[in-house]
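Please consider the structure first.

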Amino acid sequence: MDKFSNALKRVKPNTECSWSGDISTEDDFKKILWVTGVHANGTSITTTTNPHSEITWTKIKADMDKQDAFVSQEAINKTAQAYLTSTDWYSIREAEGGTAMPSDVKTKRATERAKVVSYEEFTE
């Protein structure tokens with residue numbers, strides 16, 4: 001899915017509109033066809049005047065920029081999550097009354113967990 005679609009879903013979920021090509025500039029944003037209703041024949045009533053005050057180019061652009069910045073965090077998340085997955089068995093073994101998790105593994109798991117950041121929590 002493209003950055004604009006993702007940003008729009010976060011700014012205002014379930015917004016109905018259509019566009020062609022990439023939305024990467026404010027001029028592109030001004031060409032979006034916003035659905036404002038439905039004709040009796042079932043076709044959409046659209047306008048290029050954005051009827052949603054909470055959806056602004058500034059908010060959309062900020063989210064799109066955040067998506068770009070989050071790419072490197074996603075790589076960090078994947079690496080940390082892979083380590084956690086590969087060592088989950090230590091936790092299970094300990095929780096079920098078996099041998100305790102080695103302290104170095106416990107420390108590294110805490111470090112790796114701290115590296116994982118969701119998109120919503122991410123700040124540049």
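Q: What makes β2 and β3 a hairpin, and which turn residue has a positive phi?
A: Five residues lie between β2 and β3 in this hairpin, and G42 in the turn has a positive phi of about 95 degrees. The model is predicted, so local features need pLDDT of at least 70 and side-chain atom pairs pLDDT 80 or more, while totals for chains, interfaces and linings use all residues. Residues are numbered from 1 along each chain as its sequence is written, and side-chain values use heavy atoms, with hydrogens and water left out.

Q: Why are β2 and β3 said to pair?
A: Pairing requires that DSSP find at least two bridges between two strands. Strands β2 and β3 (residues 44-47) have four, in the antiparallel sense, and therefore they count as paired. Within this pairing, V38 stands opposite S44.

Q: How do you know that β1 and β2 pair?
A: Strand β1 (residues 17-18) joins β2 (residues 33-38) over two bridges, antiparallel. In one of these strands, β2, L33 is the bridge partner of S18.

Q: Why is residues 17-18 called a strand?
A: A strand is a DSSP run of E with at least two residues, and a helix one of H or I with at least four, numbered from the N terminus. Residues 17-18 form strand β1. The chain has four helices and three strands, in the pattern α-β-α-β-β-α-α.

Q: What is the radius of gyration set against?
A: The globule rule, over C-alpha atoms, is 2.2 Å times the number of residues to the power 0.38. For 124 residues, a compact globule would be near 14 Å, but the chain has 22 Å.
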